[in-house]
Amino acid sequence: MPLSKTLGVAYKALVIGVNGAIGSALFEALQKDPHCSQVIGVSRTSDIPIDITDESSIQNAYGKLFTQGPFDLILLATGILHEDGIAPEKKLDALQLDHLQRIFQVNTFGPALIIKHFHRLLSKQRSLFVCVSAKVGSIEDNRLGGWYSYRASKAALNMLIKTAGIEVRRTHPETSFVALHPGTVKSRLSSPFGSQKTGQIPAEAAAKMLVALSGIPVTAPSIFLSYDGSTIPW
Ligand SMILES: NC(=O)c1ccc[n+]([C@@H]2O[C@H](COP(=O)([O-])OP(=O)(O)OC[C@H]3O[C@@H](n4cnc5c(N)ncnc54)[C@H](OP(=O)(O)O)[C@@H]3O)[C@@H](O)[C@H]2O)c1
C-alpha cells in the first residue's frame, strides 16, 4: 500500500539524519513518491544544521522548520553502534561508564529532545513520528545477550516513543509514534558486523520500510514495527 493511502495525497515529510545510509535512502524514496509534495532533509551539515545531542541546535532547527510545516511524516534516522574507541560490549566486564553515556547520548537522549521539540511540527491530521530503532532493543526478544549499551539505549528509546505516543494522542488523535526496525542494512554503522555480505541495500530497505509504515492502523498510538510489516514485542 502506498504511504499516501495513510497520509493522504500531497503529504509533507521531514527526515532527520539525512547523511546516513538509511536516512538518505528514505529521503530519496520520498523524493520519488509523486504523492509526497515536499520532503526536507536535515543533518549536522545541512543548510539547517542539527546536532541531536545539542538542545540549542535542535531549537534553532525547529525555529527554521516551523514555517515549513506542519509535517505528516517525521523520520529520525540517526544513531551509533560504535565509534573511535567504542565497540559493542560482549560481556559485563567490558562495560565503561563513558561509553554507556555516549551511546545513550546519541541513541536515547538526542531522540528524546527531538521528540520534545519536533512533535509540535506534526500535522493534526493522520501523521507519523518515526524513530529508527533496532530489534535488539526488544526486551522480550533478547535471547543472545551482549551489546549492553546499544540494546539498552534502544530499549529506552522505545519507552520514550511509547510514552510520547500516549501523550501526543491527546492533542493529535490521529498520530502514531513508531519505533522502526530497518532490518540489517549495509551502512557505516553495521559494516564491522558483516552487513556488507548479508545486509540489504539501503534503497531496498527504505522501500520496504515505507510500505510497512503505510499499514499502521490509525488506532495505534505507538507501534514497534519491523521493515517487513510485522510487529516486534516491546
Ligand atoms: N544498518 C543497520 O543494519 C541497522 C540495524 C538496526 C538499526 N539501525 C539503526 O538505523 C539508524 C541509522 O543507521 P545507519 O545504518 O543508517 O547508520 P549510518 O549510515 O552510520 O547513519 C547514522 C547517522 O546518524 C547521524 N548522527 C550521529 N550522531 C548524530 C548527531 N549527534 N546529530 C545528528 N546526526 C547524528 C550520522 O550523521 P553524520 O553523517 O553527520 O555522522 C549519520 O548520518 C540508527 O538508529 C541505527 O541504530 C541500523
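At what relative accessibility does Glu 55 count as partly exposed? At 26%. Here buried is under 20% relative accessible area, exposed is over 50%, and partly exposed falls in between (1.4 Å probe, protein chains only).

This is a predicted model, in which local features need pLDDT of at least 70 and side-chain atom pairs count only at pLDDT 80 or more, while totals for chains, interfaces and linings use all residues. Residues are numbered from 1 along each chain as its sequence is written, and side-chain values use heavy atoms, with hydrogens and water left out.

**View A. Lys 116 and Glu 55 form a salt bridge.**
A salt bridge is a side-chain nitrogen of Lys or Arg within 4 Å of a carboxyl oxygen of Asp or Glu. By this rule the count is 3 salt bridges. In this one, N and O are 2.7 Å apart. Lys 116 sits in helix α4 and Glu 55 in helix α3 (residues 55-66), so the pair ties together parts 61 residues apart in sequence. Helices (H or I, at least four residues) and strands (E, at least two) are DSSP runs, numbered from the N terminus. Lys 116 is partly exposed, at 43% relative accessibility.

**View B. Arg 102 and Glu 83 form a salt bridge.**
The N to O distance is 2.7 Å. Arg 102 belongs to helix α4 and Glu 83 to the loop between β3 and α4, so the contact links parts 19 residues apart in sequence. Arg 102 is partly exposed at 22%. Glu 83 is partly exposed at 30%.

**View C. Asp 141 meets Arg 143 in a salt bridge.**
N and O lie 2.9 Å apart. Asp 141 is partly exposed, with 23% relative accessibility. Arg 143 is exposed, at 70%.

**View D. Glu 89 is buried without a salt bridge.**
Glu 89 lies in the loop between β3 and α4. Its nearest side chain of opposite charge is Arg 151, 8.4 Å away. For charge, Lys and Arg count as positive and Asp and Glu as negative; His and the chain ends are not counted. A polar atom of the Glu 89 side chain lies 3.0 Å from the backbone nitrogen of Tyr 148. Contact means heavy atoms within 4.5 Å. Beyond its neighbours within four places in sequence, Glu 89 contacts residues including Ala 94, Leu 95, Trp 147 and Ser 149.

**View E. 6 strands form an open, parallel sheet.**
The order is β2-β1-β3-β4-β5-β6. β2 (36-42) and β6 (222-226) are the edges, each with a single partner strand, so one side of each has no neighbour in the sheet. The twist averages 20° from one strand to the next. Two strands pair if DSSP finds at least two bridges between them. β1 and β2 pair over 6 bridges, and Ile 16 has Val 42 as its bridge partner in β2. β5 (residues 175-181) joins β6 through 5 bridges; His 181 is partnered there by Ser 226.

**View F. In β1, 6 of its 6 residues are buried.**
Tyr 11, Ala 13 and Val 15 point one way, and Lys 12, Leu 14 and Ile 16 the other. Helix α4 (residues 97-118) lies across β1 (11-16), β3 (73-76), β4 (127-132) and β5, at about 165° to β4. Axes are lines fitted to C-alpha atoms, for helices over the stretch in contact; angles run from 0 to 180 degrees between N-to-C directions.

**View G. Ser 176 lies in strand β5.**
Ser 176 is buried, at 0% relative accessibility. Among the residues it touches, leaving out those up to four places away in sequence, are Leu 128, Phe 129, Ile 216 and Val 218.

Conventions. Polar contact = N/O pair within 3.5 Å; in protein donor to acceptor, adjacent residues only side chain to side chain.
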